[in-house]
Amino acid sequence: MGREEQSQRRSTANLNSVFYASSYHPIQAGSIDGTDILPHDNAVYRALLCSNACLYDPFGDPKSIGDPYCTLFVAHLSHFTTEHTLRQEMNKYGRVKNLRIVRHIVTGASRGYAFVEFETDRDMRRAYQDAHHKIIDDSEIIVDYNRQRLMTGWIPRRLGGGLGGKKESGQLRFGGRERPFRAPLRQIPWDELKRLGIPPPPEGKYMSCFQAPSPPRRERSLEDAGDPSHKQDKESKHSHRQERSISREHSSRRRERSMDKEDLRTRGRKRGDRRSASHDHSSGKSSMDRSRHSRKRRSRDRHDMRSPSLDHSSDETSTYREKRRRAHNAESHGDDRWSPSRNDSFGNS
(Lines give C-alpha, C1' and ligand atoms only; values in the text may rest on other atoms or scores of the structure.)
Protein backbone atom coordinates (compact mmCIF):
# COMPACT_ATOMS: atom_id res chain seq x y z
CA MET A 1 0.00 0.00 0.00
CA GLY A 2 2.84 2.38 0.75
CA ARG A 3 4.40 2.00 -2.72
CA GLU A 4 1.04 2.36 -4.45
CA GLU A 5 0.29 5.55 -2.52
CA GLN A 6 3.73 6.95 -3.40
CA SER A 7 3.20 6.15 -7.08
CA GLN A 8 -0.24 7.76 -7.00
CA ARG A 9 1.18 10.86 -5.35
CA ARG A 10 3.92 11.07 -7.98
CA SER A 11 1.39 10.68 -10.79
CA THR A 12 -0.85 13.44 -9.40
CA ALA A 13 2.17 15.69 -8.84
CA ASN A 14 3.41 15.11 -12.40
CA LEU A 15 0.12 16.09 -14.02
CA ASN A 16 1.13 19.79 -14.16
CA SER A 17 4.86 19.14 -14.57
CA VAL A 18 6.54 19.54 -17.96
CA PHE A 19 10.02 19.65 -19.45
CA TYR A 20 11.50 21.02 -22.66
CA ALA A 21 13.86 19.53 -25.20
CA SER A 22 17.45 20.76 -25.06
CA SER A 23 18.41 18.80 -28.20
CA TYR A 24 16.29 17.46 -31.04
CA HIS A 25 15.56 13.81 -31.71
CA PRO A 26 12.75 12.85 -34.16
CA ILE A 27 11.44 9.89 -32.14
CA GLN A 28 11.38 11.86 -28.90
CA ALA A 29 9.70 14.84 -30.61
CA GLY A 30 6.86 12.57 -31.70
CA SER A 31 6.22 11.39 -28.11
CA ILE A 32 4.00 13.26 -25.67
CA ASP A 33 6.19 12.37 -22.68
CA GLY A 34 9.52 11.92 -24.48
CA THR A 35 9.84 8.19 -23.74
CA ASP A 36 8.92 6.59 -27.11
CA ILE A 37 11.53 4.33 -28.67
CA LEU A 38 9.78 3.70 -32.02
CA PRO A 39 8.46 6.15 -34.67
CA HIS A 40 4.68 6.24 -34.67
CA ASP A 41 4.14 7.71 -38.19
CA ASN A 42 5.89 7.94 -41.55
CA ALA A 43 6.91 11.60 -41.08
CA VAL A 44 8.86 10.75 -37.93
CA TYR A 45 10.48 7.85 -39.75
CA ARG A 46 11.48 10.18 -42.62
CA ALA A 47 12.95 12.68 -40.18
CA LEU A 48 14.88 9.88 -38.48
CA LEU A 49 16.38 8.81 -41.80
CA CYS A 50 17.42 12.39 -42.60
CA SER A 51 18.99 12.74 -39.17
CA ASN A 52 20.93 9.48 -39.39
CA ALA A 53 22.10 10.16 -42.95
CA CYS A 54 22.99 13.81 -42.19
CA LEU A 55 20.94 15.00 -45.15
CA TYR A 56 20.13 18.35 -43.57
CA ASP A 57 22.72 21.06 -42.92
CA PRO A 58 21.32 23.80 -40.65
CA PHE A 59 24.12 26.18 -41.67
CA GLY A 60 23.78 25.52 -45.40
CA ASP A 61 21.01 28.06 -45.99
CA PRO A 62 22.62 31.16 -47.59
CA LYS A 63 19.71 33.37 -46.50
CA SER A 64 20.08 32.54 -42.81
CA ILE A 65 22.68 35.15 -41.90
CA GLY A 66 23.33 37.21 -38.81
CA ASP A 67 23.92 36.41 -35.16
CA PRO A 68 21.76 33.41 -34.11
CA TYR A 69 21.75 34.56 -30.47
CA CYS A 70 20.11 37.82 -31.57
CA THR A 71 17.65 36.25 -34.02
CA LEU A 72 14.00 35.62 -33.13
CA PHE A 73 11.74 33.17 -34.95
CA VAL A 74 8.18 34.48 -35.50
CA ALA A 75 5.41 32.10 -36.64
CA HIS A 76 1.64 32.17 -37.26
CA LEU A 77 1.90 35.45 -39.15
CA SER A 78 -0.96 36.72 -41.23
CA HIS A 79 -0.51 36.51 -45.00
CA PHE A 80 -1.24 40.26 -45.15
CA THR A 81 1.55 41.21 -42.71
CA THR A 82 4.36 43.09 -44.44
CA GLU A 83 7.96 43.74 -43.46
CA HIS A 84 7.12 47.32 -42.50
CA THR A 85 4.34 46.28 -40.12
CA LEU A 86 6.41 43.56 -38.50
CA ARG A 87 9.37 45.91 -38.08
CA GLN A 88 7.19 48.48 -36.35
CA GLU A 89 5.88 45.88 -33.92
CA MET A 90 9.31 44.42 -33.16
CA ASN A 91 10.92 47.84 -32.68
CA LYS A 92 8.93 48.14 -29.47
CA TYR A 93 11.28 45.62 -27.83
CA GLY A 94 14.59 46.79 -29.29
CA ARG A 95 16.39 47.99 -32.37
CA VAL A 96 15.83 45.65 -35.31
CA LYS A 97 18.95 45.06 -37.37
CA ASN A 98 17.58 42.74 -40.05
CA LEU A 99 14.20 41.20 -40.89
CA ARG A 100 13.16 38.54 -43.37
CA ILE A 101 9.71 37.13 -44.05
CA VAL A 102 9.93 33.70 -45.70
CA ARG A 103 7.97 33.72 -48.97
CA HIS A 104 7.01 31.16 -51.59
CA ILE A 105 9.71 30.75 -54.19
CA VAL A 106 7.23 30.91 -57.11
CA THR A 107 4.27 33.05 -56.05
CA GLY A 108 6.08 35.29 -53.54
CA ALA A 109 3.30 34.89 -50.99
CA SER A 110 4.13 34.84 -47.30
CA ARG A 111 4.65 31.42 -45.71
CA GLY A 112 3.49 32.71 -42.33
CA TYR A 113 6.83 32.89 -40.49
CA ALA A 114 9.81 35.22 -40.34
CA PHE A 115 13.24 35.76 -38.77
CA VAL A 116 13.96 39.00 -36.91
CA GLU A 117 17.53 39.92 -35.94
CA PHE A 118 18.01 42.48 -33.15
CA GLU A 119 21.03 44.62 -32.34
CA THR A 120 21.72 42.82 -29.05
CA ASP A 121 20.75 39.52 -27.48
CA ARG A 122 19.16 41.42 -24.60
CA ASP A 123 16.59 42.93 -26.96
CA MET A 124 15.99 39.48 -28.43
CA ARG A 125 15.29 37.98 -24.99
CA ARG A 126 12.93 40.86 -24.20
CA ALA A 127 10.93 40.17 -27.35
CA TYR A 128 11.08 36.44 -26.59
CA GLN A 129 9.34 37.05 -23.26
CA ASP A 130 6.86 39.80 -24.19
CA ALA A 131 5.95 39.25 -27.87
CA HIS A 132 4.64 35.70 -27.40
CA HIS A 133 0.92 35.43 -28.32
CA LYS A 134 0.84 39.01 -29.57
CA ILE A 135 -1.89 40.03 -32.02
CA ILE A 136 -0.61 41.39 -35.36
CA ASP A 137 -3.10 41.96 -38.18
CA ASP A 138 -5.78 39.90 -36.40
CA SER A 139 -3.42 36.94 -36.02
CA GLU A 140 -1.94 35.58 -32.79
CA ILE A 141 1.77 35.01 -33.31
CA ILE A 142 4.19 32.79 -31.43
CA VAL A 143 7.90 33.49 -31.03
CA ASP A 144 10.86 31.26 -30.33
CA TYR A 145 14.63 31.41 -30.55
CA ASN A 146 16.49 30.32 -33.70
CA ARG A 147 16.40 26.56 -33.19
CA GLN A 148 17.72 25.95 -36.70
CA ARG A 149 21.19 27.16 -35.73
CA LEU A 150 21.20 26.78 -31.95
CA MET A 151 19.53 23.41 -31.34
CA THR A 152 21.63 20.30 -31.99
CA GLY A 153 20.06 17.67 -34.27
CA TRP A 154 17.41 20.01 -35.62
CA ILE A 155 15.25 18.71 -38.51
CA PRO A 156 12.78 21.14 -40.16
CA ARG A 157 9.10 20.53 -40.65
CA ARG A 158 9.35 19.89 -44.39
CA LEU A 159 11.50 16.81 -43.65
CA GLY A 160 9.16 15.40 -41.01
CA GLY A 161 10.61 17.17 -37.98
CA GLY A 162 9.89 20.52 -36.42
CA LEU A 163 7.81 21.33 -33.36
CA GLY A 164 4.15 22.09 -32.68
CA GLY A 165 1.70 21.16 -35.41
CA LYS A 166 -2.06 20.86 -35.54
CA LYS A 167 -4.32 18.14 -34.22
CA GLU A 168 -6.12 17.90 -37.54
CA SER A 169 -2.96 16.72 -39.29
CA GLY A 170 -2.18 14.17 -36.60
CA GLN A 171 1.53 15.02 -36.78
CA LEU A 172 2.09 16.75 -33.48
CA ARG A 173 5.64 17.45 -32.32
CA PHE A 174 6.42 17.95 -28.63
CA GLY A 175 9.24 19.49 -26.66
CA GLY A 176 8.83 23.09 -27.80
CA ARG A 177 7.44 26.18 -26.19
CA GLU A 178 3.85 25.58 -27.27
CA ARG A 179 3.74 21.80 -26.69
CA PRO A 180 6.24 20.75 -24.01
CA PHE A 181 6.83 17.19 -22.89
CA ARG A 182 4.62 16.05 -20.06
CA ALA A 183 6.14 14.32 -17.09
CA PRO A 184 5.98 10.54 -17.80
CA LEU A 185 3.38 8.60 -15.87
CA ARG A 186 4.71 5.20 -16.89
CA GLN A 187 8.01 3.48 -16.32
CA ILE A 188 10.91 5.06 -18.23
CA PRO A 189 12.93 2.68 -20.49
CA TRP A 190 16.38 4.01 -19.54
CA ASP A 191 18.39 1.40 -21.47
CA GLU A 192 16.49 1.81 -24.73
CA LEU A 193 16.72 5.60 -24.56
CA LYS A 194 20.45 5.40 -23.97
CA ARG A 195 20.89 2.99 -26.89
CA LEU A 196 19.00 5.24 -29.31
CA GLY A 197 20.73 8.40 -28.08
CA ILE A 198 17.54 9.98 -26.80
CA PRO A 199 18.04 12.30 -23.81
CA PRO A 200 16.00 10.95 -20.85
CA PRO A 201 13.47 13.05 -18.92
CA PRO A 202 15.01 15.13 -16.12
CA GLU A 203 13.53 13.42 -13.08
CA GLY A 204 13.12 15.77 -10.15
CA LYS A 205 13.83 18.83 -12.35
CA TYR A 206 10.48 19.33 -14.01
CA MET A 207 9.04 22.76 -14.64
CA SER A 208 5.52 24.09 -14.28
CA CYS A 209 3.31 24.36 -17.33
CA PHE A 210 3.14 28.12 -16.72
CA GLN A 211 6.92 28.57 -16.90
CA ALA A 212 8.63 29.41 -20.19
CA PRO A 213 12.09 28.06 -21.04
CA SER A 214 14.88 30.57 -21.40
CA PRO A 215 16.69 30.77 -24.76
CA PRO A 216 20.29 29.53 -24.87
CA ARG A 217 22.96 32.06 -23.99
CA ARG A 218 26.17 32.78 -25.75
CA GLU A 219 29.05 30.49 -24.80
CA ARG A 220 32.33 31.95 -23.59
CA SER A 221 34.31 29.77 -25.95
CA LEU A 222 32.73 31.59 -28.89
CA GLU A 223 33.84 34.90 -27.46
CA ASP A 224 37.38 33.64 -27.04
CA ALA A 225 37.40 32.25 -30.60
CA GLY A 226 37.45 35.78 -32.01
CA ASP A 227 34.08 36.01 -33.69
CA PRO A 228 33.84 39.48 -35.33
CA SER A 229 30.25 39.94 -34.18
CA HIS A 230 31.32 39.41 -30.55
CA LYS A 231 34.22 41.78 -31.02
CA GLN A 232 31.84 44.41 -32.35
CA ASP A 233 29.57 43.87 -29.37
CA LYS A 234 32.51 44.28 -27.00
CA GLU A 235 33.70 47.41 -28.79
CA SER A 236 30.21 48.89 -28.76
CA LYS A 237 29.82 48.11 -25.05
CA HIS A 238 33.23 49.64 -24.33
CA SER A 239 32.40 52.76 -26.33
CA HIS A 240 29.04 53.04 -24.54
CA ARG A 241 30.81 52.79 -21.18
CA GLN A 242 33.29 55.48 -22.19
CA GLU A 243 30.48 57.74 -23.35
CA ARG A 244 28.62 57.17 -20.09
CA SER A 245 31.72 57.98 -18.03
CA ILE A 246 32.36 61.14 -20.06
CA SER A 247 28.74 62.23 -19.71
CA ARG A 248 28.90 61.58 -15.95
CA GLU A 249 32.03 63.71 -15.67
CA HIS A 250 30.40 66.53 -17.61
CA SER A 251 27.28 66.31 -15.48
CA SER A 252 29.35 66.37 -12.26
CA ARG A 253 31.22 69.46 -13.48
CA ARG A 254 27.97 71.17 -14.34
CA ARG A 255 26.61 70.35 -10.91
CA GLU A 256 29.71 71.80 -9.25
CA ARG A 257 29.40 74.97 -11.30
CA SER A 258 25.75 75.31 -10.48
CA MET A 259 26.55 74.73 -6.78
CA ASP A 260 29.20 77.49 -6.87
CA LYS A 261 26.77 79.88 -8.56
CA GLU A 262 24.11 79.11 -5.97
CA ASP A 263 26.61 79.74 -3.15
CA LEU A 264 27.55 83.11 -4.64
CA ARG A 265 23.90 84.02 -5.01
CA THR A 266 23.11 83.08 -1.42
CA ARG A 267 26.08 85.11 -0.15
CA GLY A 268 24.97 88.11 -2.18
CA ARG A 269 21.46 87.74 -0.81
CA LYS A 270 22.77 87.62 2.76
CA ARG A 271 24.85 90.75 2.21
CA GLY A 272 21.88 92.50 0.65
CA ASP A 273 19.74 91.53 3.64
CA ARG A 274 22.34 92.90 6.04
CA ARG A 275 22.60 96.14 4.12
CA SER A 276 18.85 96.49 3.99
CA ALA A 277 18.64 95.86 7.74
CA SER A 278 21.31 98.52 8.46
CA HIS A 279 19.61 100.91 6.06
CA ASP A 280 16.31 100.32 7.79
CA HIS A 281 17.97 100.96 11.17
CA SER A 282 19.62 104.15 9.97
CA SER A 283 16.41 105.31 8.31
CA GLY A 284 14.63 104.66 11.59
CA LYS A 285 17.20 106.74 13.44
CA SER A 286 16.96 109.54 10.91
CA SER A 287 13.17 109.55 11.16
CA MET A 288 13.40 109.74 14.95
CA ASP A 289 15.87 112.60 14.72
CA ARG A 290 13.62 114.38 12.29
CA SER A 291 10.64 114.00 14.59
CA ARG A 292 12.66 115.34 17.51
CA HIS A 293 13.91 118.27 15.48
CA SER A 294 10.39 119.05 14.33
CA ARG A 295 9.21 118.95 17.93
CA LYS A 296 11.96 121.37 18.98
CA ARG A 297 11.12 123.69 16.15
CA ARG A 298 7.48 123.63 17.14
CA SER A 299 8.35 124.45 20.76
CA ARG A 300 10.60 127.28 19.60
CA ASP A 301 7.88 128.71 17.42
CA ARG A 302 5.47 128.60 20.33
CA HIS A 303 8.04 130.38 22.54
CA ASP A 304 8.55 133.03 19.90
CA MET A 305 4.84 133.58 19.69
CA ARG A 306 4.69 134.10 23.48
CA SER A 307 7.86 136.29 23.65
CA PRO A 308 6.22 139.82 23.43
CA SER A 309 4.02 139.30 26.48
CA LEU A 310 6.95 137.85 28.34
CA ASP A 311 9.08 140.86 27.46
CA HIS A 312 6.36 143.26 28.71
CA SER A 313 5.99 141.40 31.95
CA SER A 314 9.73 141.42 32.38
CA ASP A 315 9.76 145.21 31.97
CA GLU A 316 7.05 145.56 34.60
CA THR A 317 8.91 143.41 37.01
CA SER A 318 12.06 145.39 36.44
CA THR A 319 10.32 148.70 37.21
CA TYR A 320 8.73 147.17 40.28
CA ARG A 321 12.09 146.00 41.44
CA GLU A 322 13.60 149.41 40.83
CA LYS A 323 10.88 151.06 42.94
CA ARG A 324 11.37 148.55 45.73
CA ARG A 325 15.07 149.11 45.63
CA ARG A 326 14.64 152.86 45.83
CA ALA A 327 12.18 152.56 48.68
CA HIS A 328 14.52 150.32 50.56
CA ASN A 329 17.38 152.72 50.11
CA ALA A 330 15.28 155.57 51.31
CA GLU A 331 14.31 153.71 54.45
CA SER A 332 17.85 152.78 55.16
CA HIS A 333 19.09 156.38 54.73
CA GLY A 334 16.08 158.14 56.29
CA ASP A 335 18.13 160.20 58.89
CA ASP A 336 20.24 161.89 56.29
CA ARG A 337 17.41 162.98 54.06
CA TRP A 338 15.01 165.85 54.62
CA SER A 339 11.35 165.37 54.90
CA PRO A 340 8.72 168.18 55.38
CA SER A 341 7.03 166.43 58.28
CA ARG A 342 10.22 166.22 60.24
CA ASN A 343 11.22 169.78 59.59
CA ASP A 344 7.85 171.02 60.68
CA SER A 345 7.91 169.13 63.89
CA PHE A 346 11.41 170.27 64.52
CA GLY A 347 10.53 173.90 63.87
CA ASN A 348 7.53 173.86 66.26
CA SER A 349 9.53 172.52 69.03
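A residue is called buried when its relative accessible area is under 20%, exposed when that area is over 50%, and partly exposed in between, with a 1.4 Å probe and protein chains only.

## Basis of the report

This is a predicted model, in which local features need pLDDT of at least 70 and side-chain atom pairs count only at pLDDT 80 or more, while totals for chains, interfaces and linings use all residues. Residues are numbered from 1 along each chain as its sequence is written, and side-chain values use heavy atoms, with hydrogens and water left out.

Helices (H or I, at least four residues) and strands (E, at least two) are DSSP runs, numbered from the N terminus.

## Nonpolar cores

A nonpolar core is a set of buried Ala, Val, Leu, Ile, Met, Phe, Trp, Tyr and Cys residues joined through side-chain atoms within 4.5 Å. The largest such core holds 32 residues, and those that touch the most other members are Leu72, Val74, Leu86, Met90, Val116, Phe118 and Ile141. Two or more residues of this core come from each of strand E2 (71–75), helix H4 (83–90), strand E3 (96–103), strand E4 (110–118), helix H5 (121–130) and strand E7 (142–145). In soluble globular proteins, nonpolar side chains tend to be buried together.

Contact is counted when heavy atoms lie within 4.5 Å. With residues up to four places away in sequence not counted, Val116 touches Cys70, Thr71, Leu72, Val74, Leu86, Met90, Val96, Asn98 and Leu99. A second, separate core has six residues, among them Ile27, Val44, Ile188 and Ile198.

## Helix H3

Helix H3 covers residues 42–53. The expected span of a helix is 1.5 Å times one less than its number of residues. For the 12 residues of H3 this gives 16 Å, which agrees with the 16 Å between its end C-alpha atoms.

Ala43, Val44, Ala47, Leu48 and Cys50 are the buried residues of H3. Seen down the helix axis, they fall within an arc of 165°, so they line one face of H3; the arc is that of the directions from the helix axis to the C-beta atoms. Helix H2 (26–29) is included in what covers these buried residues. On the other side of H3, Asn42 and Asn52 are exposed. Just after the helix, Cys54 takes a positive phi of about 55°.

## Ser110 in strand E4

Ser110 has its place in strand E4 and counts as buried, at 6% relative accessibility. Leaving aside neighbours within four places in sequence, Ser110 is in contact with Ser78, His79, Ile101, Val102 and Arg103. A polar atom of the Ser110 side chain lies 3.2 Å from the backbone nitrogen of Gly112.

## Salt bridges

A salt bridge is a side-chain nitrogen of Lys or Arg within 4 Å of a carboxyl oxygen of Asp or Glu. By this rule the count comes to 13 salt bridges. One of them joins the side chains of Arg186 and Asp36, at 2.9 Å from N to O. This pair links distant parts of the chain, 150 residues apart: Arg186 is in the loop between strand E8 (181–182) and helix H7 (190–196), and Asp36 is in the loop between H2 and H3. Both count as partly exposed, Arg186 at 47% relative accessibility and Asp36 at 21%.

Glu83 is partly exposed at 31% relative accessibility, and Arg103 is partly exposed at 35%. In the salt bridge of Lys92 with Glu89, the closest N and O atoms are 3.3 Å apart. Lys92 is exposed at 56% relative accessibility, whereas Glu89 is buried, with a relative accessible area of 18%.

## Positive phi values in two loops

His133 is not a glycine, yet has a positive phi of about 65°. His133 is found in the loop between H5 and strand E5 (135–136) and is partly exposed, at 36% relative accessibility.

Asp138, a residue other than glycine, has a positive phi near 60°. Asp138 is found in the loop between E5 and strand E6 (139–140) and counts as exposed, at 79% relative accessibility.

Terms used: A polar contact is a pair of N or O atoms within 3.5 Å; within protein, one must be able to donate a hydrogen and the other to accept it, and residues adjacent in sequence count only if both atoms are side-chain atoms.
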